[in-house]
Amino acid sequence: MRRYLLTVIVLAAFKIAGAQNRHFTQIVIDSTIQYNSHKPKVLGKFSKDKYNDVGTLDKQGFKLYRYAEDWKPYVIFSPGNPQGFEDAQVADINNDGWNDITIGGWSNQTLWAENPMGKGKDPYITQWTIHMIDSTRFSHEVCVADLNADGKPDVITTSGVYIQGATLDSWTFINIGRNGQGTFAVNILNNKDGFADVIALYRSGEDCQIAWFENPGHTGGNPVKDKWKPHIIDSWPGGDFYNFEMTTMAFTCSDINGDGRVDLVCASQGEGPGPGDANAQVGDGLVWYEAPKDPRSNGWAKHIINPKIGWVHASSIQLADFDGDGHVDINYAQQDQSKDRKDGSNIKQQLGIYYNISGKGKTWRHQIISRYKDYGSGGFNSKIGIVGNDKLPSILTSLHGYFGDANPLILWRNK
């Protein structure tokens with residue numbers, strides 16, 4: 001039985017006029033084409049200059065594109081087959097004050113590349129040292145957070161969590177009982193005790209459920225030795241584990257309605273409610289879950305923003321204030337497979353934003369930035385951040401190249 005409140009969201013049409021229009025300019029950072037490639041991406045600060053750079057992995061290696069040199073590319077490390085890596089994150093893994101890069105993927109490799117700035121070397125012309133975290137377990141997506149409150153970043157993947165040990169190459173793996181693909185790490189209790197929790201899918205019989213796995217550190221336990229208890233957010237998010245597309249979702253968190261609690265935003269790599277044939281969509285679409293006063297309870301309220309949005313890759317929902325009004329907005333990117341829909345929907349391979357115009361998650365204004373068949377429409381493994389001296393965050397993305405389409409690295413600059 002569904003125990004969650006289903007709330008209808010009012011959608012306001014986006015008006016291409018006046019101050020309400022958020023203008024994004026398309027910049028092709030690199031036109032390199034690599035078919036059926038994930039091109040894991042990063043956006044962050046890696047050097048002494050004051051600007052963020054962007055980066056991605058393609059057949060030439062992992063490239064860092066320097067903003068201060070008009071996006072000049074530098075190959076900083078080469079981890080092997082680029083098609084074997086899916087996701088990338090920026091974090092200071094070794095706590096030397098400089099951002100490193102963590103990547104994982106289908107190759108069963110999870111690794112981090114050490115920024116040489118920590119040793120006083122130029123990060124653009126010096127090869128970054130690769131540190132292997134694990135070479136035996138699947139890691140479709142990666143995220144980084146402190147899981148045991150020791151001040152060191154730990155790594156979460158599709159398979160479980162890795163706690164950083166005494167050395168840079170010492171990691172302890174823990175199977176916390178999660179299932180499927182898609183993950184996010186955040187302190188759900190928002191109690192600032194230093195222990196991050198994990199959001200992922202949980203399997204109960206045939207049911208595919210959304211859960212947050214409570215870090216045992218919250219109650220005095222040991223994150224390495226003690227059980228991570230799953231708390232169900234949604235017992236039926238639109239499909240079961242027999243449907244592959246429901247075993248992969250995109251998760252991210254923020255305070256959507258301004259009540260000080262950690263809410264969840266998600267979408268399936270399937271495509272929402274459908275007509276029932278072999279190409280039917282699955283899942284509830286683009287959704288946010290309102291956290292109850294006690295996140296351990298089953299009182300998470302489901303708010304469906306758009307039931308027809310799907311094929312959102314595991315890291316392609318990004319939350320930020322894109323229009324400068326002080327409210328958290330939702331950026332989503334649909335990957336190439338969404339163009340193959342059979343239901344006559346016009347929700348095909350698009351990159352868009354839902355602006356949280358009420359600040360309460362009740363009224364949204366929709367902007368489509370790009371749409372199939374536009375050049376570079378949609379996206380895969382997208383990242384966001386400030387570019388140059390801009391005030392508002394831009395969007396970095398590329399396509400998957402799944403159907404043999406071109407997949408240039410594109411920055412949608414928010415001006």
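This is a predicted model: local features need pLDDT of at least 70, side-chain atom pairs count only at pLDDT 80 or more; totals for chains, interfaces and linings use all residues.
Residues are numbered from 1 along each chain as its sequence is written, and side-chain values use heavy atoms, with hydrogens and water left out. Local features need pLDDT of at least 70, side-chain atom pairs count only at pLDDT 80 or more, and totals for chains, interfaces and linings use all residues.

Start with the core. A nonpolar core is a set of buried Ala, Val, Leu, Ile, Met, Phe, Trp, Tyr and Cys residues joined through side-chain atoms within 4.5 Å. Buried means under 20% relative accessible area, exposed means over 50%, and partly exposed is in between (1.4 Å probe, protein chains only). The largest such core here has 20 residues. I210, F251, L264, Y289 and W300 have the most contacts inside it. At least two core residues come from each of β17 (197-204), β18, β20 (249-254), β21 (263-268) and β22 (286-290). Strands are DSSP runs of E, at least two residues long, numbered from the N terminus. Take L264 as an example. Beyond its neighbours within four places in sequence, L264 is in contact (heavy atoms within 4.5 Å) with I199, I210, I233, F251, T252, C253, V287, W288, Y289 and W300.

Now the rings. Rings of Phe, Tyr and Trp (its six-membered ring) pair if their centres lie within 6.5 Å; planes under 30 degrees apart count as stacked, over 60 as edge-to-face and the rest as tilted. The model has 9 aromatic pairs by this rule. In one of them, the centres of Y51 and Y67 are 4.9 Å apart and the planes stand at 55 degrees, so the pair is tilted. Y51 sits in the loop between β4 (41-44) and β5 (53-58), and Y67 in the loop between β6 (61-66) and β7 (72-77), so the pair ties together parts 16 residues apart in sequence. Y51 is buried, at 18% relative accessible area. Y162 and F173 form another tilted pair, 5.1 Å centre to centre with 50 degrees between the planes. This pair links strand β14 (residues 161-164), which holds Y162, to strand β15 (residues 171-174), which holds F173. Y162 is buried at 1% relative accessibility, while F173 is partly exposed at 24%. R137 lies over the face of F173, 3.8 Å from the ring centre. That label requires NZ of Lys or CZ of Arg within 6 Å of the ring centre and within 35 degrees of the ring normal. Ring pairs also link Y51, Y67 and W71 into a cluster.

What of the cysteines? A disulfide is a covalent bond between the sulfur atoms of two cysteines. The rule applied asks for two cysteine sulfur atoms within 2.5 Å, and the count comes to 0. The sulfur of C266 shows why: the closest cysteine sulfur, in C253, is 9.3 Å away, too far for a bond. C266 is buried at 2% relative accessible area. C143 is buried too, at 9%.

Two loop residues remain. E141 lies between β11 (129-134) and β12 (142-145), and is buried at 2% relative accessibility. A polar atom of the E141 side chain lies 3.0 Å from the backbone nitrogen of G182. N222 lies in the loop between β18 (207-214) and β19 (229-234). N222 is partly exposed, at 30% relative accessibility. A polar atom of its side chain is 2.8 Å from the backbone nitrogen of V224.

Definitions and conventions
Helices (H or I, at least four residues) and strands (E, at least two) are DSSP runs, numbered from the N terminus. A polar contact is a pair of N or O atoms within 3.5 Å; within protein, one must be able to donate a hydrogen and the other to accept it, and residues adjacent in sequence count only if both atoms are side-chain atoms.
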